[in-house]
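Student: I am new to this structure, and I would like to learn how to read it feature by feature. Could you take me through it slowly?

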Amino acid sequence: MEADKIRESIKRSSQELFRKFGYHKTSVNEIAKKTKIAKATIYKYFESKEAILHSLLMDYIQVSVDDLINGDSPELDEETHLSNLIMKTCRLSYTVCNEFIGWDFIRESTNSQEFLRNLSNELEELLVSSFNQIAGSMRKHSGYQQRIRFLIKCSKNIVFSFAFTSVSDSDVRKNFVSFQKEILPYLVKAAITVG
């Protein structure tokens, strides 16, 4: 196998195992067995299991961010577009945690919380840069990028606090609805209003 094929095979096997058993319960030995390669070969391409997860998530997030940015109708006003973008981003963040890592592991592990924080910061950078690419048709005024970054950061922190403090998925869903109806409109208005 050539290098790219081996790398993709490792990622594909890892993704299947992470989804089936969770990140924490999947070992590098199991990944090697499923990929039908030696454990040492995995370390030739990825420095750790966390690096495999990071690579998977960044692939998933990049595709999802492109869909997020380009998914809305161009006729939407700036406020509606931003609200839609934030809600899709929040759902994406939740899905990443729910499907790939597992909330129990995140709540229990300081390392996974730090990993999630770094991943979340990378997602924020992707969103800000992607949004700036399409903001040409929208207002570009002094401080606009800082306000968009603030909007994304606030929304992200609120949503993660829901996930970390909620007891069940239904609690998380209720909090999402509450955030969307009661908090997000004010955050978006503050981000796009020229002071």
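Tutor: Let us start with a term: contact means heavy atoms within 4.5 Å. Leaving out residues up to four places away in sequence, Ile10 touches Ile31, Thr35, Ile37, Thr41, Ile42, Tyr45, Phe46 and Ile52. This is a predicted model, where local features need pLDDT of at least 70 and side-chain atom pairs count only at pLDDT 80 or more, while totals for chains, interfaces and linings use all residues. Residues are numbered from 1 along each chain as its sequence is written, and side-chain values use heavy atoms, with hydrogens and water left out.

Student: What is the mean pLDDT of the protein, and where is confidence lowest and highest?

Tutor: pLDDT is the predictor's confidence in each residue, from 0 to 100. Its mean over the protein is 77, and 74% of the residues reach 70 or more. Helices, by the way, are DSSP runs (H or I, at least four residues), numbered from the N terminus. Confidence is lowest in helix α6 (residues 103–108), with a mean of 62, and highest in α2, at 96.

Student: Which residues of helix α2 are buried, and how are they placed around the axis?

Tutor: Buried means under 20% relative accessible area, exposed over 50%, and partly exposed in between (1.4 Å probe, protein chains only). In α2, which spans residues 28–35, Val28, Ile31, Ala32 and Thr35 are buried. They cover an arc of only 100° around the axis, and so they lie on the same side of α2; the arc is that of the directions from the helix axis to the C-beta atoms. Lys36 sits in the loop between α2 and α3 and counts as exposed, at 76% relative accessibility.

Student: Which residues have the most contacts inside the largest nonpolar core?

Tutor: A nonpolar core is a set of buried Ala, Val, Leu, Ile, Met, Phe, Trp, Tyr and Cys residues joined through side-chain atoms within 4.5 Å. The largest one here has 46 residues, and those with the most contacts inside it are Ile10, Ile42, Ile52, Leu82, Leu151 and Phe179. Helix α9 gives the most to this core, with eight residues.

Student: How many salt bridges does the structure hold, and which parts do they join?

Tutor: Side chains of opposite charge can pair when their charged atoms come close. A salt bridge is a side-chain nitrogen of Lys or Arg within 4 Å of a carboxyl oxygen of Asp or Glu, and the structure holds four. Among them, the side chains of Lys34 and Glu16 meet at 3.0 Å, N to O. Lys34 lies in helix α2 and Glu16 in helix α1, so this pair ties together parts that are 18 residues apart in sequence. Another joins Lys189 and Glu79, whose closest N and O atoms are 3.2 Å apart; this pair links helix α9 with helix α5, 110 residues apart.

Student: Is Lys11 buried or exposed, and what is Lys11 linked to?

Tutor: Lys11 counts as buried because its relative accessibility is 6%. Glu8, Lys11 and Asp59 are linked in a network of salt bridges, and the closest N and O atoms of Lys11 and Glu8 are 3.4 Å apart. Both of these lie in helix α1, three residues apart, about one turn of the helix. The side chains of Lys11 and Ser55 are also joined by a polar contact of 3.3 Å, a term for a pair of N or O atoms within 3.5 Å, where within protein one must be able to donate a hydrogen and the other to accept it, and residues adjacent in sequence count only if both atoms are side-chain atoms. Ser55 belongs to helix α4 (residues 49–71) and, at 12% relative accessibility, counts as buried.

Technical notes
Helix = DSSP H or I, 4+ residues; strand = E, 2+ residues; numbered from the N terminus.
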